[in-house]
Amino acid sequence: AFSASRDLLAELHHRFPGETLYLFELGNAEFWVGYIHLIQGEFELAQEAFQAYLGHAERLNEIEPGNPKWLMEISYAHNNIAALIKRSGADDVGQALSHARESVEVNRRVIELAPENNSYWSEYSNHLAWLADIQLLTCSLDEALATRQQQLGVARRQMEMAPGNINYRRRYAYSLSGVAGLAAMLGPVDLAANNYTMSGDILQELSILEPANVDFRFEYLIREARHSTLIARTGGSQGPLKRMKQIYEPLKDDLVSEGFENLRHNSHWIIYLLNYSELADELLGKGYLDPGFIAFCREFEICSEET
């Protein structure tokens, strides 16, 4: 369907090359064609479509220079290509980094042109997060931390502008833990611990406000687990191990309620169980592999029956 739409729009654009509406919709069609190829693992075809999308976005900006809407299309297109390279596991991470930086820079220019547009700020936060992730892949930890801190500032600004907005509070909580994770790698342990605490507090508040929201509760508990792991590895206390044990059943209950279908939660669960097992081994002085982890592995065919 998207391919047919693209072909029709390409014909309309050919007939009316100066009509921005057709060109804009053609770019959107190219994006969706590329996205379908991406989720099907057809990375070369996805790359072709995303490059075409970038070309259409640049042409829009040639027709109407300085239009924030068209500039944002360029920013989106660069970020899509960066995300594709990251997702595909391609060796050319430097190319992904170049596209991610260009996406952020163009988005920054858009904000200068239209600072009152909250959606542009939201996208800026998202593009900064992608840039930080790709910087992390290149082992540029200091740069990644600086980018995460910049993103945190954007998230804080949005939350303070609309303190009752749950989405902005959630994004701020995630931004806090993004900084915390990198700070834990680099060594500012106090920064990491404080950010995990603040992130967890916000997500706990949100889970109380929306008790049926499994995601808020699960993400709160995961941040508790990360914080406990950090404390244990820097202090050696058995208190964090006790907290990890308390977290086990609520986390498992949430996963069961989702039928183990949330891949992001599943990945967090595996990391939690590995950290829990490792901490128990370090602090109790004996081998410890949680039976729940073994059962989970077998269910998803991650490890053998002999494990």
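Before I count anything, a word on terms: helices (H or I, at least four residues) and strands (E, at least two) are DSSP runs, numbered from the N terminus. With that, the protein chain has 13 helices and zero strands. The C-alpha atoms fill a box of roughly 75 × 45 × 40 Å, taken along the principal axes.

Some housekeeping. This is a predicted model, where local features need pLDDT of at least 70 and side-chain atom pairs count only at pLDDT 80 or more, while totals for chains, interfaces and linings use all residues. Residues are numbered from 1 along each chain as its sequence is written, and side-chain values use heavy atoms, with hydrogens and water left out.

Okay, pockets. On a 1 Å grid over the protein atoms alone, a cavity is a set of points where a 1.4 Å probe fits but cannot get out, and a pocket is an open set with protein on both sides within 12 Å along at least five of seven lines; lining residues have an atom within 4 Å of a point. Points are joined across faces, edges and corners, and a volume is the space filled by probe spheres set on them.

The largest pocket comes out at about 1100 Å³. Its lining has 35 residues, and Ser-177, Gly-178, Arg-223, Arg-226 and His-268 lie nearest the centre. Helices giving two or more residues to that lining are H6 (118-137), H7 (141-161), H8 (166-186), H10 (214-235) and H12 (263-284). Which helix gives the most? That's H8, with ten residues. By class, the lining is 14 nonpolar, twelve polar and nine charged. For the classes, Ala, Val, Leu, Ile, Met, Phe, Trp, Tyr, Cys and Pro count as nonpolar, Asp, Glu, Lys and Arg as charged, and the others, Gly among them, as polar.

The second largest pocket has a volume of about 340 Å³. Here 15 residues form the lining, with Phe-31, Asn-79, Asn-80, Ala-83 and Trp-130 nearest the centre. H4 gives the most, seven residues.

Now, how do the helices pack? Two packed helices are described by the angle between their axes and the distance between the axes. Axes are lines fitted to C-alpha atoms, for helices over the stretch in contact, and angles run from 0 to 180 degrees between N-to-C directions. Under 35 degrees counts as roughly parallel, over 145 as roughly antiparallel, 65 to 115 as roughly perpendicular and the rest as oblique.

Take H8 and H10, which pack at about 20° with their axes 12 Å apart. So H8 is roughly parallel to H10. Contact, by the way, means heavy atoms within 4.5 Å. Among the residues that meet there are Ser-177 in H8 and Arg-223 and Arg-226 in H10, and those three names also turned up nearest the centre of the largest pocket.

H9 (residues 189-209) is another partner of H10: their axes come within 8 Å and cross at roughly 155°. Those two are therefore roughly antiparallel. In that contact, nine residues are nonpolar, seven polar and four charged.

Last pair: H5 (residues 93-113) and H6 pack at about 160°, axes 9 Å apart, and are therefore roughly antiparallel too. Their contact has 14 nonpolar, four polar and three charged residues.
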